[in-house]
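Hello,

Here is the structure I promised to pass on to you. Please have a look, and then read my notes below.

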Amino acid sequence: MAVYIDPPTWPGHGRMWSHLVSDTSFDELHAFAAAIGAPPRAFERDHYDLPAEWYADAVRAGAVEVGCKELLRRLTAAGLRRPKNRAAPGVRDVP
């Protein structure tokens, strides 16, 4: 039961971004994201996109730092991976 974050190495909109995921449930992920102030609009399919300036705050709040390949492995192993254009049945998207 953990929330994971990868380094902010993903460029977009003039910033660098991290991905925040859970290996337990979307409910855990949404609760963690809300606790650190991430807006619901930051959720995309199976993760939250967090700007680089939020990385340290997420880690201080308990997110476990992992590389992007390990993050994807844990998300997939948990059965929570949702590739583009394919939502998991019965899973809510946004809190």
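Contact here means heavy atoms within 4.5 Å. With that in mind, H19 touches Y4, I5, D6, W10, H47, Y48, D49 and L71, leaving aside residues up to four places away in sequence.

Before going on: this is a predicted model, in which local features need pLDDT of at least 70 and side-chain atom pairs count only at pLDDT 80 or more, while totals for chains, interfaces and linings use all residues. Residues are numbered from 1 along each chain as its sequence is written, and side-chain values use heavy atoms, with hydrogens and water left out.

H19 counts as buried because its relative accessibility is 17% (buried means under 20% relative accessible area, exposed over 50%, partly exposed in between, with a 1.4 Å probe and protein chains only).

F43 brings us to the rings. Searching the whole structure gives two aromatic pairs (Phe, Tyr and Trp rings, for Trp the six-membered one, pair if their centres lie within 6.5 Å; planes under 30 degrees apart are stacked, over 60 edge-to-face, the rest tilted). F26 and F43 make an edge-to-face pair, 5.9 Å centre to centre with 85 degrees between the planes. F43 also forms a tilted pair with Y48, at 5.2 Å and 55 degrees. Both F43 and Y48 are buried, and F26 is buried as well. Together, F26, F43 and Y48 form one aromatic cluster.

Best wishes
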